[in-house]
Amino acid sequence: MAMDRTTFETLIPSRFITFTFPNPISGQLLRVAVLDSPAPAADSPRVAAMLVPRHREHDWIFSTLAGHLQLLLASPSISRLILAGGLPASDQCSPVIYTRSVSADMESYLVKLQGELMPLLLALSPKSFAENVTFEVPFLSYDDNVIRRVLVEKCVGSCVGEMLVEDVEIESTHSKREFRRRLRFKRMPNLIQTDVSIVPVVASGILGEVEFRLDLGVLVHPYLAPMVASLCLISSYLEERIRTGFPPKALCIGVGGGALLSFLRTQLGFKVFGVEADANVLSVAERCFGLEVGETIRVVVGDGIDVIEKIGRRFMEGNSGSFDVHEVGNPCFMNDNDPCGTKFDVIMVDLDSSDVSNGVSAPPLDFVRKSVLLSARLALCKFGIFVINVIPPNRSFYETLIREFQEVFHELYEIDAGNGENYVLIATVSLIESPLSVGENAFLMKLKQSISGAYMDSIRKI
């Protein structure tokens, strides 16, 4: 397809154009994709380029508009991002195994290719840049910790769209090799939805060649351990419930692969109820991530916000009886003999925004509504807590969320996950009592054995 030479002289918010261009070194065709930021152009807009890592051309991160946009938004000052790489294979022909290759020859080739592509990049830059003879387009690098990747399954969900399950070997900070099973959605491919540890059944296993088993006793997703650490704030209350024969109850909004639900049940003895918007995601969680639905874990398909508001309306109307199984649970699961009734000890929310135009963010904007938070408070026991994973798209969003929580709940605490992205907010229904010493509190001892105590020590009151 022929293009007008003036096409790229101006920045047009969210414009996305792809075309093929001969590799100036090998002559093979390259896929070139040009994306302008959705934000209005700055007075001095910046342009950057990125070479797609070899053998990653088919990865949704580089081959889709959603992935390209997330790469651009990761560098907020960039007004136009240009990707160049090999032609991606079709779904039927895309490789099921990827192995990262690093060599001096490859590094030399990439440096040479960057130089050879500079005239093209200048031609794809806004007119004001092209007229500057000293201007060069900087190259951004894409670095992740994946050494090897094996596709396990690819399927489609009614709500989330295309998704894939993959096993990966990642760089390890110690001598022991590390392996993960991951769930990703095509609508936001740069975001890992679920990340669980897997271990080879033999001493020295290679992905794709030996069998691996799930290790659900450890939380490896950066924000899940901080979410669980929040339970130390009410450890005395939870210990008392366990001593009197009533397992603590958790409502988890957003199931994904079910890592959080499985951990709460197997490691801490919770009864867990999960709400997931997509039935196919639940199927993947059971099939690929070891989620065992039964007497102590119940899941339903539904909108998490709607479920919370339904519970809130029940209690607002004075109806604290058992809920229908399709809403919240059944009498057997919720245990009407429980002094806590049908209320929960903890509500944990792990929902990301499906709007890729804002980049990776959580929770959805709908969760900022006061009606949702009021309903959540009504669904909690007297000493219950509301725990939510937050990836703020900007400071204003985070400050607004904090104000809304403070207007509804008694106290508010924060844990920084330490990855420069995730924060965990913990809202309490009542004043937090001082926890028992570790020696007096079996639940707190178990919690500290299950996750790093550093997260508990880092909890700060807002």
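## About the model

Because the model is predicted, local features need pLDDT of at least 70 and side-chain atom pairs count only at pLDDT 80 or more, while totals for chains, interfaces and linings use all residues. Residues are numbered from 1 along each chain as its sequence is written, and side-chain values use heavy atoms, with hydrogens and water left out.

Buried means under 20% relative accessible area, with exposed over 50% and partly exposed in between (1.4 Å probe, protein chains only). Helices (H or I, at least four residues) and strands (E, at least two) are DSSP runs, numbered from the N terminus.

Not counting residues up to four places away in sequence, Leu231 touches Leu238, Leu264, Leu268, Phe270, Val346, Met348, Ile385, Phe443 and Leu447; contact means heavy atoms within 4.5 Å.

Of its 34 lining residues, Leu51, Val52, Pro53, Arg54 and Leu110 are the closest to its centre. Helix 3 supplies the largest share of the lining, 7 residues. Elements that give two or more residues also include strand 2 (29-36), strand 3 (46-51), strand 4 (78-86) and strand 6 (139-140). By class, the lining has 19 nonpolar, 8 polar and 7 charged residues.

On a 1 Å grid over the protein atoms alone, a pocket is an open set of points with protein on both sides within 12 Å along at least five of seven lines, a cavity is a set where a 1.4 Å probe fits but cannot get out, and lining residues have an atom within 4 Å of a point. Grid points are joined across faces, edges and corners, and a volume is the space filled by probe spheres set on the points. For the classes, Ala, Val, Leu, Ile, Met, Phe, Trp, Tyr, Cys and Pro count as nonpolar, Asp, Glu, Lys and Arg as charged, and the others, Gly among them, as polar.

## The largest cavity

There are 3 cavities of 30 Å³ or more in the structure, and the largest has a volume of about 40 Å³. Its lining is made of Asp195, Val196, Ser197, Asp215, Leu216, Val218, Leu219, Val220 and Ala259. Strand 10 (residues 192-200) gives the largest share, 3 residues.

## Two buried polar residues

Asn422 sits in the loop between strand 17 (411-416) and strand 18 (423-428), and is buried, with a relative accessible area of 3%. Its side chain makes polar contacts with the side chains of Asn389 at 2.9 Å and Asn419 at 2.7 Å. A polar contact is a pair of N or O atoms within 3.5 Å; within protein, one must be able to donate a hydrogen and the other to accept it, and residues adjacent in sequence count only if both atoms are side-chain atoms.

Ser125 lies in the loop between helix 3 and helix 4 (127-130) and counts as buried at 3% relative accessibility. A polar atom of the Ser125 side chain lies 2.7 Å from the backbone oxygen of Leu121.
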